[in-house]
Amino acid sequence: MYDYDLVVLGSGPSGQKAAIAAAKLGRRVGIVDRRDMIGGVCINTGTVPSKTLREAVLYLTGLSQRDLYGSSYRVKEEITVSDLAARTQHVITRQTDVIRNQLARNRVSMITGTGRFADPHSIWVDGGSGRESKVTFDKIVIAAGTRPARPDSVDFDDRTIVDSDGVINLQAVPRSMVVVGAGVIGMEYASMFAALGTKVTVVERRDRMLEFCDDEVVESLKYHLRDLSVAFRFGEEVAAVEKHRTAALCILKSGKKIVADTVMYSAGRQGQTDDLALEAAGLEADRRGRIAVDANYRTSVENIYAVGDVIGFPALASTSMEQGRLAAQHACGEPIREMHGLQPIGIYTIPEISFVGQTEAQLTESSTPFEVGIARYRELARGQIVGDSYGMLKLLVSPDDGRLLGVHVFGTAATEIVHIGQAVIGCGGTIDYLVDAVFNYPTLAEAYKVAALDASNKIRNITRLDG
């Protein structure tokens, strides 16, 4: 007899859902994590704190209301780290309680400590007392997550030179900051600190940022960030960072030098597999700490599964949750449906970005004809009410049958309203549905009807001339 039918290593989004899914199927389930990391990186240092920080920044700076009340509008003149930390800590505490309650309600045993493999059916758990206990299981799900990748050449001190986990623990709002890396995390933090009044410089070795996003949306974001005094250095690499008593000197390979209070590295993520003793279970990870899995999230060892960020792309909390649920169901012998290939992307910059489906560049590359329908928030009553004159929604539509091929949103509530388009695409819907649908008024969702009418009018004009 094993101690548990299923053990989960890690209590982040994927681990929680795996444990609860198996428990609901009547299995004896245990979940292993440190006492101070319930909810994983997502709750404690990643997704939730950074998005809470963003809301605090938007509220305290009054940034989203300046279109209505003028550029000098502020809710609080001097914003301190304490102001930001209070809201962040409140949300972390509440979310941790929610997770503990959900696990307890489903009779999932909380095994406090860190785990490492003894063999394919058992782990050693170090609870911090100096003694290890052995836990046995039939199946196990590795949901260990990731940590920020730290280049060996950089001397991180979590004060002057920080990574994306450490940035939320800064002692003061920096007057100037260099953000190394223009990916999702880098751009989210760059926009937040720029909104706080920090003079931000973004250094990126590629020639553009967020290269998987719609070009027009990226240009709009770049315009708004420049308006917040963000400077971009594309095609540049950081050669060295020198720490001085009052600031850091960032030296680029091109010879340029940038002085900043803080340098934040956003250089990707590294799987937290170093301390799992994978070799004892017959497994190995790649150089980025990622574990290979099959379509059912099973590793090369039959009773061991891996889910979430530790298996690599797309490494999103949303997809990780679903991976955890599906892996647990497969491990319990339950029939499962594959995860839907249509997944939305949300980027919590200021303003925010979200999209689902294909981009103009992808459709052009595949020689797929499309028409574009656009709605500007400034045309919507709700856009005027919330003070968003820059937001937009773009629909990419097949001119042959009116099918929706892609949805791209920039501005207030982008990550919320994108799901309307996701549902239409997922159900094989056309813009005729959006044209004929009645939307609540006034709402931002009404942008779908405006954009659908724009696209259908363009298609009608082409059909009239083309026959």
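Biologist: Before I look at the strands, what does it take for two strands to pair?

Modeller: Two strands pair if DSSP finds at least two bridges between them. Keep in mind that this is a predicted model.

Biologist: Fine. Which residue stands opposite Cys250 of E13?

Modeller: Val241 is across from Cys250. The strands involved are E12, residues 238-243, and E13, and they pair in the antiparallel sense over five bridges.

Biologist: How many residues lie between E12 and E13 in the hairpin?

Modeller: Four residues separate E12 from E13 in that hairpin.

Biologist: And on the E14 side, what is the bridge partner of Leu249?

Modeller: Val259 is the E14 partner of Leu249. E13 pairs with E14, residues 257-260, again in the antiparallel sense, over four bridges. These two strands also form a hairpin with four residues between them. In its turn, Gly255 has a positive phi of about 100°.

Biologist: Is E13 mostly covered or mostly exposed?

Modeller: Mostly covered: five of the five residues in E13, 248-252, are buried.

Biologist: Which of them point which way?

Modeller: Ala248, Cys250 and Leu252 point one way, Leu249 and Ile251 the other way, and all are buried. In a regular strand, side chains alternate between the two faces of the sheet.

Biologist: Changing topic. Where does UniProt put the "binding site" feature?

Modeller: The unreviewed UniProt entry places it at Lys51, Gly115 and Asp309. Those positions are spread over 259 residues of sequence, and they are also spread in space, with up to 29.3 Å between C-alpha atoms.

Biologist: What does Lys51 sit in, and what does it touch?

Modeller: Lys51 is in helix H3, residues 47-61. Leaving out residues up to four places away in sequence, Lys51 touches Glu188 and Tyr348.

Biologist: And where is Asp309?

Modeller: Asp309 is in the loop between strand E17 (304-306) and helix H8 (317-331). With residues up to four places away left out, Asp309 touches Gly145, Thr146, Ala315, Leu316 and Ser320.

Biologist: What is Ile142 in contact with?

Modeller: Setting aside neighbours within four places in sequence, the contacts of Ile142 include Leu9, Phe117, Leu276, Ile304 and Val310.

Biologist: Is Tyr69 buried or exposed?

Modeller: Tyr69 counts as exposed because its relative accessibility is 54%. Tyr73, at 29%, counts as partly exposed.

Biologist: What sort of aromatic pair do Phe232 and Phe234 form?

Modeller: A stacked one, 5.4 Å centre to centre and 5° between the planes. Phe232 counts as buried because its relative accessibility is 9%. Phe234 has 23%, so Phe234 counts as partly exposed.

Technical notes
Residues are numbered from 1 along each chain as its sequence is written. This is a predicted model: local features need pLDDT of at least 70, side-chain atom pairs count only at pLDDT 80 or more; totals for chains, interfaces and linings use all residues. Side-chain values use heavy atoms; hydrogens and water are left out. UniProt positions are given in the numbering used here, feature names are shortened, and annotations may be inferred rather than shown by experiment. Contact means heavy atoms within 4.5 Å. Buried means under 20% relative accessible area, exposed over 50%, partly exposed in between (1.4 Å probe, protein chains only). Rings of Phe, Tyr and Trp (its six-membered ring) pair if their centres lie within 6.5 Å; planes under 30 degrees apart count as stacked, over 60 as edge-to-face and the rest as tilted.
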